[in-house]
Amino acid sequence: MSVYFTTNQYLRTAEEDFEAAELLYGHKYYDQIGTLLSVAMTKFLKAIIEATIPDEESSAFFTTEDKLELLRIIKARNPDLLISEAECRWIDNVYGKANCTDGIHVVMPKQTIVEAFRLVANVRKYARDLDKAAVNEDRYFFAGLLKRNKIDN
């Protein structure tokens, strides 16, 4: 299990959800994995916002769980994110099936979970890259404070 160090709160918790899903994969708990991956996707999208939009503008977006709304906010500033609105709706559908929110429960197929991993892994990579850029550019207050303290000491 890898540890990812960041001050981005959403990236930290998304990483934990993603890694938990990876651990469950070996035990074939596909419904639980579907839930974790959908939740991780939302958190990775919020991590992208946290890494790219100043605090005074971004805090209003963190109360929503609507992946489409988060994606639209991101694409307005970063159109290079390679995920579509259809994919956001699809991962929400995976979540719905995993949690039986549609009233009809079916066992989650392995192939669906493999595709969900692929999709979330792409967003994860994008979020991590933006987080690293934010740290390197001192866009996080806490990270900048740490760097300055190391220089002063």
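Student: Which conventions apply here?

Tutor: Residues are numbered from 1 along each chain as its sequence is written, and side-chain values use heavy atoms, without hydrogens and water. In this predicted model local features need pLDDT of at least 70, side-chain atom pairs count only at pLDDT 80 or more, and totals for chains, interfaces and linings use all residues.

Student: At what angle do helix 2 and helix 6 pack?

Tutor: Axes are lines fitted to C-alpha atoms over the stretch in contact, with angles from 0 to 180 degrees between N-to-C directions. Helix 2 (residues 30-52) and helix 6 pack at about 20 degrees, their axes 9 Å apart. Helix 2 is therefore roughly parallel to helix 6 (angles under 35 degrees).

Student: Which residues of the largest nonpolar core touch the most other members?

Tutor: A nonpolar core is a set of buried (under 20% relative accessible area, 1.4 Å probe, protein chains only) Ala, Val, Leu, Ile, Met, Phe, Trp, Tyr and Cys residues joined through side-chain atoms within 4.5 Å. Here the core has 41 residues, and F44, L45 and I48 touch the most other members. Helix 2 gives the largest share, twelve residues.

Student: What is the phi of K28, and is K28 buried or exposed?

Tutor: Most residues other than glycine have a negative phi. K28, in the loop between helix 1 (9-25) and helix 2, has a positive phi near 65 degrees. K28 counts as exposed, at 59% relative accessibility (the cut-off being over 50%).

Conventions
Helices (H or I, at least four residues) and strands (E, at least two) are DSSP runs, numbered from the N terminus. Angles under 35 degrees count as roughly parallel, over 145 as roughly antiparallel, 65 to 115 as roughly perpendicular and the rest as oblique.
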